Amino acid sequence: MNNSEQECKMNFQETNEIIGFTAAYSVIFVIGFTGNIIIIQIIRYHGNMRKIAFNWLIVNMAVADILTALVSIPMAVVYLYVETSWFDAGLFGLITCKVLFFALPLTIGISIFTMTVIAIDRYRFTSSSIRNESLSPTKVKISIACIWLLSSFVYVTELIKFTVTKDAKCRPDWNGLWSNEKERISHLIKFILVYILPLVLMFIMYSIIIVRIRKWDLPGEANEESQKRRQQQKKRSVHMMISVLVIFTLCWIPIQVFYFLNAYHQESFACIPVFWIMLCVLIGNMNCAINPLIYVIFIKNFRDGLREMLKLKET
């Protein structure tokens, strides 16, 4: 919230609302953190999954979701009780304020850029019904490094923008290096780079992929049994990633609408009840708990790996 905060801004008044949000966040944290740790462990130790380069892109998604669980969820819960009050107005408080508010959007950038690379990988993977044209392990490693660097570059402004005030509140420094005009320009650029361009690119690629895999079902296509099995594997991975993309978009678009409103029409944003803003934040954070469930639902290797882990615990 900037220096034009309005008096009509409404905070939580009901204790039941705070308790309800806290309980919901607790459930999301447990599922999101535990579920993504399990996904990473399955890829590392189940069969030959660690040898498949594509799976390390899933690991990168899981790491971003774990960071969401460790950073975004606790900060949202803290806001319910103390809002922007910070624990320290000194140097350590300043560093943690900047780093944590930098990490919040960073995980979103990592997720969507990883999904973009995955879409490119699936586009290549479905380009031939016989030969594997998926990204090589080296290209996947380079892609992951570029994803983190690009996401950090896009959101480096958060390190500049946030500060701790003299009354120990972590918030944007509208009277310092940052300003309302810079925020509007920055938000628009980030929205185009992180949302519009990747989503349009993925929509185009997955549309082409869907056309391709539908042709496989035509009479005369894919006569050999081994080829059919391979095509079914490709279909499941594509369906899984389309589901991940759709859920991600549905979870994060609501809060992005509020962010846009805050950047371009602050008077209207200031009069929105905090309940609705926090509900949208909650829906966005739900994404980190939904993703591991999608992986297990669509991919048999994840289900088999989960069964093995459960059997080991039983013994």
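This is a predicted model: local features need pLDDT of at least 70, side-chain atom pairs count only at pLDDT 80 or more; totals for chains, interfaces and linings use all residues.

Student: What share of contacts in the protein chain, between residues at least 6 apart in sequence, joins residues at least 24 apart?
Tutor: Burial first: of the 315 residues of the protein chain, 45% count as buried. Now take the contacts between residues at least 6 apart in sequence. The share that joins residues at least 24 apart is 80%.

Student: Leaving aside neighbours within four places in sequence, which residues are in contact with Ile58?
Tutor: Ile58 is among the core residues that touch the most other members. Neighbours within four places in sequence are set aside here. The contacts of Ile58 are then Ile39, Ile43, Ile118, Met240, Met241, Tyr295 and Phe302.

Student: How many residues are in the other core that lies apart from this one?
Tutor: Its members include Val71, Met75, Val164 and Cys170. The number of residues in this other core is nine.

Student: How far apart in space are Leu100 and Leu159, C-alpha to C-alpha?
Tutor: In sequence, 59 residues separate Leu100 and Leu159. In space, their C-alpha to C-alpha distance is 9.1 Å.

Student: What is the volume of the largest cavity?
Tutor: Rolling a probe the size of a water molecule over the atoms shows where empty space is left. The count comes to one cavity of 30 Å³ or more. The largest cavity has a volume of about 50 Å³.

Student: How many charged residues are in the lining of the largest cavity?
Tutor: α2 (53-82), α3 (91-125), α7 (225-264) and α9 (274-298) each supply at least two lining residues. Among the lining residues are Asp65, Thr107, Trp252 and Asn287. By class, this lining has five nonpolar residues, five polar residues and, in the charged class, one.

Student: Which helix gives the largest share of the lining of the second largest pocket?
Tutor: About 520 Å³ of space lies in this pocket. Its lining has 25 residues, with Ile52, Phe54, Asn55, Gln233 and Asn301 nearest the centre. At least two lining residues come from each of α2, α3, α7 and α10 (300-314). The largest share, five residues, comes from α7.

Student: How is that lining of the second largest pocket divided by class?
Tutor: Take the classes in turn for the second largest pocket. The lining has 11 nonpolar, nine polar and five charged residues.

Student: Why does Ser72 count as buried?
Tutor: Ser72 is placed in helix α2. Setting aside neighbours within four places in sequence, its contacts are Leu67, Leu104 and Asn285. Buried means under 20%, so Ser72 counts as buried because its relative accessibility is 12%.

Student: Which residue has its backbone oxygen 2.7 Å from a polar atom of the Ser143 side chain?
Tutor: Ser143 sits in helix α4 (residues 137-154). Ser143 is buried, with a relative accessible area of 18%. The backbone oxygen 2.7 Å from its side-chain polar atom belongs to Lys139.

Student: What is the phi of Glu83?
Tutor: Most residues other than glycine have a negative phi. Glu83 is in the loop between α2 and α3, and at 35% relative accessibility Glu83 counts as partly exposed. Its phi is positive, near 55°.

Student: Where does Ala168 lie?
Tutor: Ala168 has a positive phi of about 60° although it is not a glycine. At 18% relative accessibility, Ala168 counts as buried. Its place is the loop between β1 (162-164) and β2 (170-172).

Technical notes
Residues are numbered from 1 along each chain as its sequence is written. Side-chain values use heavy atoms; hydrogens and water are left out. On a 1 Å grid over the protein atoms alone, a cavity is a set of points where a 1.4 Å probe fits but cannot get out, and a pocket is an open set with protein on both sides within 12 Å along at least five of seven lines; lining residues have an atom within 4 Å of a point. Grid points are joined across faces, edges and corners, and a volume is the space filled by probe spheres set on the points. Helices (H or I, at least four residues) and strands (E, at least two) are DSSP runs, numbered from the N terminus. Ala, Val, Leu, Ile, Met, Phe, Trp, Tyr, Cys and Pro count as nonpolar, Asp, Glu, Lys and Arg as charged, and the others, Gly among them, as polar. Buried means under 20% relative accessible area, exposed over 50%, partly exposed in between (1.4 Å probe, protein chains only). A polar contact is a pair of N or O atoms within 3.5 Å; within protein, one must be able to donate a hydrogen and the other to accept it, and residues adjacent in sequence count only if both atoms are side-chain atoms. A nonpolar core is a set of buried Ala, Val, Leu, Ile, Met, Phe, Trp, Tyr and Cys residues joined through side-chain atoms within 4.5 Å. Contact means heavy atoms within 4.5 Å.
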